[in-house]
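Hello,

Here is the protein that I promised to pass on to you. Please open it first, and then read my notes below.

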Amino acid sequence: MSPVSASSESFLYEQVEGLVKGMIDDGVLKTGERVPSIRAMSRKARVSMATVMQAYLALENKGYVESRPKSGFYVRPRRGPEASVPRKSNPRMLPRRVERQDLIDSILAASHESSIVSLGIANPSPELLPVKGLTRALKQVASRYPLEAMEYCFERGGHAELRKQIALRGADLGCSISPAEVLTTVGTTEALAVALNTVARPGDVIAVESPTYFHILQLIERLGMLALEVRTDPDTGMDLDALAQALDTHPVKAVMSVANFSNPLGSLMPDAAKRELVDLLGKHGIPLIEDDIYGDLYFGERRPRIAKCFDREGLVLTCSSFSKTIAPGYRVGWLLPGKFADAATKWKLSMSGVSAALPQLAIAEFLRTGNYDRHLRRLRKAYRDQVEQMRYAIADAFPDGTRITRPSGGFVLWVQLPKQIDAIALFKKSLAEGVSVTPGVLFSSTARFNNCIRVSCGLPWSERIEAAVASIGRIARALAAGDRH
Ligand SMILES: Cc1ncc(COP(=O)(O)O)c(C=O)c1O
């Protein structure tokens, strides 16, 4: 029987690619060995020679094989798979005041300049966004509801059509959601701000992952709360034993977690651990604010569930948006506030009033027509490939001792450099060469992670990006060797 099948979800060339990748990963094909010829593979897999060629070119792009003129494809020496994953973080679990706003603002401002190859901003590339489909949806709703699109949307929870479409996604998220539970917001950013204001007051202690998404820290800073950083595992996220210990020793008011493909680690908390987390917090009566912005971007077979699925007491507040998947500029987000619905709605209305009707209607239409699911299938593959390519390029270019996360979703990598490298110096020198990365210190309220960087893989792979990674690698190697100039 052919090892590839036309009825599979994947394209034929991807199946051939997977076959060869498997042979390399399992050591059947060793470094320097010749990969079966295109003709031989076409016979073996019962696919056309063009399909095999497409697979081999994809493998070449990803650094698995190299072509040698008139000779064929050979397995490349690679360091990628050997690059270790960073160690667990080990913060001192003390509540701290956060002072990160100015540093974050200055670094982000520099990273946004248009001449820069921006590996520092966790944004999807416009090339990957559904520009045509969404514009079509926008035009359709603008002509179908010309007056509604111009007016305030007076439904307190947000536009009914969008709330319905979000509720229908409950089947993917792993739990049933009613439209009445959904509060639409201005991006995940507003959902997080509403959620935190709803459950905590200035001076309260908020437990967060270490490292955590810097805007969560900014929010805690602005609201005059204290951050308590909890140990994380780069694969599985927040360490629940450490959290339990923190709850026993400090008056934690709420926990904030990006359990599905955290930013910056890309870690995924297994669903069983999410249940444990919800149970643990339930015992203490502490709310969990989960940020699920990356949940739809899984590389595996199934979408991870949201912690909300395990919530019996209404203590989980789920925040998300379509900013990483459809269009960050539409600013369409949502919040499931659980038992805090009334207070959360009041916070939302006092912070920004009702959200704009037209973007909500357009996104709802994009979801209703099934375009979102089709688009997601392509997007997930693109991110998976981009993350993989970036991982290998970093492993090739960076100094020995570099550790890189191995995310199973999302599109950011966390890179731990040799101890002596100061990531702020690396950031400044890279910027001078036209490339931005995000220094690790932004992801903590303390001076931790100053030898780490976050690298975004949101841009499609290109020679420009390859050259950018090579140039950061060169700078990092020089810094590792002690060159400060
Ligand atoms: C974890 C996380 N939450 C929230 C946001 C911001 O979301 P939005 O643009 O929808 O406000 C980001 C963007 O980088 C993020 O990484």
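Arg331 sits in the loop between β11 (316-321) and β12 (332-336), and has a positive phi of about 55 degrees although it is not a glycine.

Before going on, a word on where the values come from. This is a predicted model, in which local features need pLDDT of at least 70 and side-chain atom pairs count only at pLDDT 80 or more, while totals for chains, interfaces and linings use all residues. Residues are numbered from 1 along each chain as its sequence is written, and side-chain values use heavy atoms, with hydrogens and water left out.

Now the whole protein. Its secondary structure comes to 16 helices and 17 strands; helices (H or I, at least four residues) and strands (E, at least two) are DSSP runs, numbered from the N terminus. The radius of gyration is 23 Å, close to the 23 Å that the globule rule gives for 485 residues, so the protein is as compact as a globular protein of that length. That radius is taken over C-alpha atoms, and the rule is 2.2 Å times the number of residues to the power 0.38. The C-alpha trace spans about 70 × 55 × 45 Å along its principal axes. Buried residues make up 58% of the 485 residues. Of the contacts (heavy atoms within 4.5 Å) with a separation of 6 or more, 75% are between residues 24 or more positions apart.

Ser125 gives you a local example of contacts. Ser125 lies in the loop between β4 (117-118) and α5 (131-144), and counts as buried because its relative accessibility is 1%. Leaving aside neighbours within four places in sequence, Ser125 is in contact with Gly458, Leu459 and Pro460.

Next, have a look at strand β7 (residues 226-233). Seven of its eight residues are buried, so β7 is largely enclosed by the rest of the structure. Strands β6 and β7 pair in the parallel sense over six bridges, and Glu209 stands opposite Val230 in β7. Strand β3 (residues 96-97) runs antiparallel to β7, joined by two bridges, with Arg96 opposite Ala227. Two strands pair if DSSP finds at least two bridges between them.

In the loop between β9 (252-257) and α11 (271-284) you will find Pro264, and the peptide bond from Asn263 to Pro264 is cis, with omega near 25 degrees. Phe261 lies in the loop between β9 and α11 too. Its phi is near 60 degrees, a positive value in a residue other than glycine, and Phe261 is buried, with a relative accessible area of 1%. Another cis peptide bond runs from Ser210 to Pro211, with omega near 5 degrees, and Pro211 is in the loop between β6 (205-210) and α9 (214-222).

Ala40 counts as partly exposed because its relative accessibility is 30%. Ala40 and Val52 are 12 residues apart in sequence and 9.7 Å apart in space, C-alpha to C-alpha.

Enjoy exploring!

Notes. Buried < 20%, exposed > 50% of the residue type's maximum accessible area, 1.4 Å probe, protein only.
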